[in-house]
Amino acid sequence: MYEMWAEQDPAVTPPTVVWHVVAKDDASTSLCGRFLEPAQRVVPAVDGSQSAPPDRYCDPCLVTVREAMTAAAR
């Protein structure tokens with residue numbers, strides 16, 4: 001089972017939210033191998049009250065999920 005983890009991406013200006021995928025049994029590292037700091041976690045507003053650029057998703061994390069789902073379907 002997986003869950004999503006949002007954090008600010010300092011690689012772009014202005015910083016935007018990037019979503020990583022983490023395994024529920026080990027939330028310290030994302031599937032792409034990035035070490036996740038709890039202090040860096042972001043909880044985006046869901047009511048649309050903040051104007052912000054669109055969220056981004058970590059491609060390497062999503063590729064890993066896709067590969068796992070494909071393997072499980074075989």
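A residue is called buried when its relative accessible area is under 20%, and exposed when that value is over 50%. Keep this cut-off in mind as we walk through the structure, which is a predicted model.

Let's start with the whole chain. The chain has 74 residues, and 24% of them count as buried. Its accessible surface comes to about 5300 Å², with 56% of that belonging to carbon and sulfur atoms.

Now look at how the chain folds back on itself. Among the contacts with a separation of 6 or more, 49% are between residues 24 or more positions apart.

Strand 1 covers residues 2–9 and strand 2 covers residues 16–23; the two pair in the antiparallel sense, with eight bridges between them. To see one of these bridges, go to methionine 4, whose partner in strand 2 is valine 21. The link from strand 1 to strand 2 is a hairpin of six residues.

Finally, let's visit aspartate 9, which belongs to strand 1. Why does aspartate 9 count as buried? Its relative accessibility is 10%, and the cut-off for buried is under 20%, so aspartate 9 falls in the buried class. Which residues does aspartate 9 touch, leaving aside its neighbours within four places in sequence? With those neighbours set aside, aspartate 9 is in contact with Pro15, Thr16, Val18 and Arg56.

Conventions:
Residues are numbered from 1 along each chain as its sequence is written. This is a predicted model: local features need pLDDT of at least 70, side-chain atom pairs count only at pLDDT 80 or more; totals for chains, interfaces and linings use all residues. Side-chain values use heavy atoms; hydrogens and water are left out. Two strands pair if DSSP finds at least two bridges between them. Helices (H or I, at least four residues) and strands (E, at least two) are DSSP runs, numbered from the N terminus. Buried means under 20% relative accessible area, exposed over 50%, partly exposed in between (1.4 Å probe, protein chains only). Contact means heavy atoms within 4.5 Å. Accessible areas come from the Shrake-Rupley method with a 1.4 Å probe; for residues, only the protein chains shown count as cover.
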